[in-house]
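Hi,

Here is the model I said I would pass on. Have a look at it first, and my notes follow below.

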Amino acid sequence: MLTNEGLCEVDVWPHIQTLTSDVISRTAFGSNFKEGRKIFELQREQAKLVMKAARSFYIPGLKYFPTKRNNSMKEIDREVKTTIKRIIDKRVIAMKAGESSQETTANMLVWTMILLGQHTDWQTRARDEVLHLFGKRKPDVDGLNHLKIINMIFCEVLRLYPPATIIRRLIYKETKLGNITLPAHTLVEINPLFLHHDNDIWGDDANDFKPERFSEGVSKVNKGQASYLPFGGGPRICIGQNFAMLEAKMALVMVLQCFSFELSPSYSHAPYTIITLQPQFGAHLILHKI
């Protein structure tokens, strides 16, 4: 709630999660967006259970026992599948009647707001760009594609806090990488978080927030190496990356048009992984209405 001074403290993390769930739910499921939102809520709960299982002491065959956690995971799986089937059935009926018809974005947005709340000089530069392009009017797609400073900021945020901290690929046939020969059925695991903070690649300021390093684009800064993988890479690169970037730009532009913000003293920096990299204790910011 805003005070008479036009400011308030808000944990923006749950609100960002709700926003991005609503956007993808409406996009993917149309008029069934409420059911779509329920699917994302169930998936978040499932992710927490999966991570708890992954961090527990491994006992062979334990996943087949009717434990409370296993039963919860099975029930969530059944509910998700039932809901998806119900949505598909409704869409099929609608189509026959002649009617027409992502966690990643939330993570990117929340870390962006945290970093801009800390580095207010970059927040000011981003807002100046927004007001120059749009003023107070509703942003359009053409204008969003001309946001150079905000694009630099997002690239740096994705470098420092990549949504997926582990990328796994299974090799189906013997493959040679440089002087290394990998036999078939080898599981290769890449950690973008380590890769994005490697001083040999990014320099001694690898841990610093410096969007200007992307002023000439990604290919210029990584010199053509596969060293920047916020959305994965190769033929299996995330198919939703363009949608995620567009959604994030739209949301950030609208926030910058209405508010300035800074980190709250109650903010506690604790990145942790529940499938994706998230702020464990939320993202407490002090908002100032413009």
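How many bridges join strand β7 to strand β8? There are four, between residues 271-274 and residues 276-279, and the two strands run antiparallel. Strands here are DSSP E runs of at least two residues, helices are H or I runs of at least four, and both are numbered from the N terminus. Two strands count as paired if DSSP finds at least two bridges between them. One residue sits between the strands, and Ile-275 takes a positive phi near 70°.

Before you go further: this is a predicted model, with local features needing pLDDT of at least 70 and side-chain atom pairs counted only at pLDDT 80 or more, while totals for chains, interfaces and linings use all residues. Numbering runs from 1 along each chain as its sequence is written, and side-chain values use heavy atoms, with hydrogens and water left out.

Next, the open sheet. Its three strands come in the order β1-β9-β6 with antiparallel pairing, and β1 (7-11) and β6 (259-263) are the edges, each pairing on one side only. Neighbouring strands are turned by 30° against each other on average, direction ignored; axes are lines fitted to C-alpha atoms (for helices, over the stretch in contact), and angles run from 0 to 180 degrees between N-to-C directions. β1 and β9 (residues 284-289) are joined by five bridges, and Cys-8 is partnered with Leu-287 of β9. Helix α4 packs on this sheet, touching β6 and β9, and its direction makes about 80° with that of β6.

α4 (residues 103-118) also meets α11 (residues 241-258): their axes come within 9 Å and cross at roughly 40°. On the α4 side the contact (heavy atoms within 4.5 Å) includes Met-108, Leu-109 and Leu-116, and on the α11 side Ala-248, Leu-252 and Val-255 are among the residues involved.

Last, the second largest pocket, with a volume of about 490 Å³, that being the space filled by probe spheres set on grid points joined across faces, edges and corners. A pocket is an open set of points on a 1 Å grid over the protein atoms alone where a 1.4 Å probe fits, with protein on both sides within 12 Å along at least five of seven lines; lining residues have an atom within 4 Å of a point. The lining has 19 residues, with Ile-167, Arg-169, Val-188, Ile-190 and Gly-233 nearest the centre. β2 gives the most, with four residues.

Cheers
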